[in-house]
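Please brief me on how the parts of this protein model meet. I would like the chain-to-chain interface and then the domain-to-domain one.

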Amino acid sequence: MVQTALEKQSGSGKGTALSGNEAIALAIRQVNPDVVAAYPITPQTDIVQYVAQFVADGQVDAEFLGVESEHSAMSACIGACAAGARTVTATSSQGLAYMWETLHIASGMRLPIVMAVVNRALSSPLNIHCDHSDSMGARDTGWIQIYSSNVQEAYDNFIQAIKVAEDPEVMLPVMVCMDGFLVSHSLENLQIIPDEEISSFLISTRDQSGLLFQPVTFGAMDLQDYYFEHRRQIIAAMETAKGVLLRTGKSFKDLTGRAYGLLSGYRIDDAEIAVVVIGSLSGSVQVVIDELRSEGIKAGMVNLRVFRPFPVREVASALSRCRAVAVLDRSDSLSTGGGPLFIDVRSALYAGPESRGAERPVIVNYVYGLGGRLVSLDDIRRVFEELKRVVSSGHTTRLINYLGVRE
Amino acid sequence: MGHIKELAGKEGLFTGGHRLCAGCGIPVVVRQFLAVTEHPVIVAAGTGCLQVASAIYPYTAWRTGFIHSAFANTASTISGVEAAYKALKRKGLTDKEFHFIAIAGDGGTYDIGLQALSGMLERGHRVVYICNDNEGYMNTGVQASSATPLGADTTTTPVGARSKGKERERKDIIGIVLAHNVPYVAQVSPAHWHDLTSKAKKALKTEGPSFINSLTPCPRGWRSETHISMELCRLAVDTCYWPLFEVEEGVWRLNYRPRIKRPLADYLRTQARFKHLFLPENKDILENLQASVDRQWEQILKLCDGN
């Protein structure tokens, strides 16, 4: 029923043109989950369809639960993962919002569920196109969040996410985010990892633990005497996760040659002006940076891969030599204090010895692309123009800006 | 299960030391149910009295596997557990048999958890779902649910100058569950322990979802004496307020027919939540309640058709 390029690959082919959703579905098949519980929502829908077809065709030996809501999707994932199953799902937008209370429960119970989030704007107004409002709204739920700039990254991140989530030192759920339509529906030449290499990469270090193996109690109530300690342990696991993400990135590089850190820099080492982005916009920004560099302008970029845990030191260190920085947010906190990425980046610049007052760059925020509003190369050039102006004048005219909006 | 003493003497999977109130029906129902299990058990419970009184870290009253997630999702949580079992068994990672039991109150079943329950029933998970129906949100302090009977005085349907208690009749949860064409549905009362445990055994052996609705007294919410909870359950059955029946593959069977059908007032009088109904000006509500019970009883007799 599903007629796609997925049929052409048999798990060992290389360089196949796949969409982001197809790549995630393929990754789900290859990580060999025990349970997939999901509910369809645009633009995530293809993932659910492809996985259902894989199960129907016997290509993955998983229980597929087509549940009646996202609240139940995450609830069933919690039950399955607590029982001892490798458990994955996918959602977008309202679906993620509908899961909200259960997201906290998944992390609180320390369940290594991995979920693809195909980023889409939140209602109201209803909009099916890309922005990061959905996953940014879930940034404080105790889930690790990894963002992907393109199809290859989405695929690679999903596979690494399983290993990170299930690490005994971590045991936290992971969201693997990719931009709705911009990545989920874009075809890209994907380097596919053979099935057997993925299974050896993911040899489970997780003990056979859970409800099916021991008569344990999950979800007890904590009173004032224990709650704080249990929440503190989640924070400790988040701290540990940074190292595990890096270690996993390294072993993934050994396997594939593709390197992954907490963030990536583009011509950032000697940059005087830089932008910080998350997701697919990074490709366009690179094009503009190359142009500016050819004009002798020292422009650079930090592309954040891991937003939770927030790489405070790494962000501060990457930006420490810049004179002016623009943080590009594909969502707004609606607090009048700027977008969520801006708030965390600015905070990071005050974090450590790298950020001594005099050396701190001037920072501005640009909110862009809400509800799928396209961003042109000219829009990005305008951001760098402003940064140049900030460097020469030493101050900003406006701290929070909205790129490409009519007002 | 020959005798009540045998039942009581069996080592409990739900231990003493839990903090449920004196006179609460929930532990009675849970212990009777667990006493007839034959395999390891995994219980999912919704947020509510049972959960907060049985699993306060670092203690647990459960010698079974136990999971509590949230209020609305007992049915979807146990669905996930059962799905995991199927996958892991197929992959040879477990060879045990299990019982999967979901336990929620009426708030978590009739109201906030209804959608998740519907999904679980439709998907056909092999789960026994027990509703401890105490006819209201008792854990949060006696608010009305859609299981609260007509006329009951609760903190959200309070009796006042312009109010005579709850204005609407309770929801027909059995009818809703039966509309899903599930293989086994039954109504029980913990006072009729032999009936309850027989039905528990049938439910536990059912291939697919089963649903058990239990009348579960709450002396705090019903404002009844704590030592008469079981008598009260018996009265509910003898007045035909709470008929004991089962529906197996669509076939209705009446499990208990009182020798003398007692007037509903005998049952209502035991609970101060109905106290105002005995004022002369509220006679009509009392009559409506009796008429509703009579109607329901006749309907059930018809559905059971001599079974």
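The briefing below takes the two interfaces in turn.

This is a predicted model: local features need pLDDT of at least 70, side-chain atom pairs count only at pLDDT 80 or more, and totals for chains, interfaces and linings use all residues. Residues are numbered from 1 along each chain as its sequence is written, chains are lettered from A in the order in which they are written, and side-chain values use heavy atoms, without hydrogens and water.

**Chain A against chain B: area**

- In chain A, 43 residues are in contact with 41 residues of chain B (contact means heavy atoms within 4.5 Å).
- The two chains bury about 3,100 Å² between them, and 60% of that is on carbon and sulfur atoms.
- Buried area is the accessible area (1.4 Å probe) that two parts lose on being put together, summed over both.
- E63(A), L212(A) and M221(A) supply 21% of the area that chain A buries against chain B, more than any other three residues.

**Chain A against chain B: bonds and elements**

- Five salt bridges link chain A and chain B (a side-chain nitrogen of Lys or Arg within 4 Å of a carboxyl oxygen of Asp or Glu).
- E68(A) and R123(B) form a salt bridge through their side chains, at 2.9 Å from N to O.
- On the side of chain A that touches chain B, α3(A) gives the largest share, nine residues.
- Helices (H or I, at least four residues) and strands (E, at least two) are DSSP runs, numbered from the N terminus.
- β9(A) pairs with β2(B), residues 65–68, in the parallel sense over two bridges (strands pair if DSSP finds at least two bridges between them).
- Within this pairing, T217(A) stands opposite F66(B).

**Domain 1 against domain 2 in chain A**

- Chain A is assigned domain 1 (2–256) and domain 2 (263–403); such bounds come from an automatic or database domain assignment.
- The domain centres, taken over C-alpha atoms, are 28 Å apart.
- The contact takes 26 residues from domain 1 of chain A and 22 residues from domain 2 of chain A.
- About 2,000 Å² is buried between these domains, with 57% from carbon and sulfur atoms.
- Two salt bridges cross the interface of domain 1 and domain 2 of chain A.
- The side chains of D140(A) and R308(A) meet in a salt bridge, at 3.4 Å from N to O.
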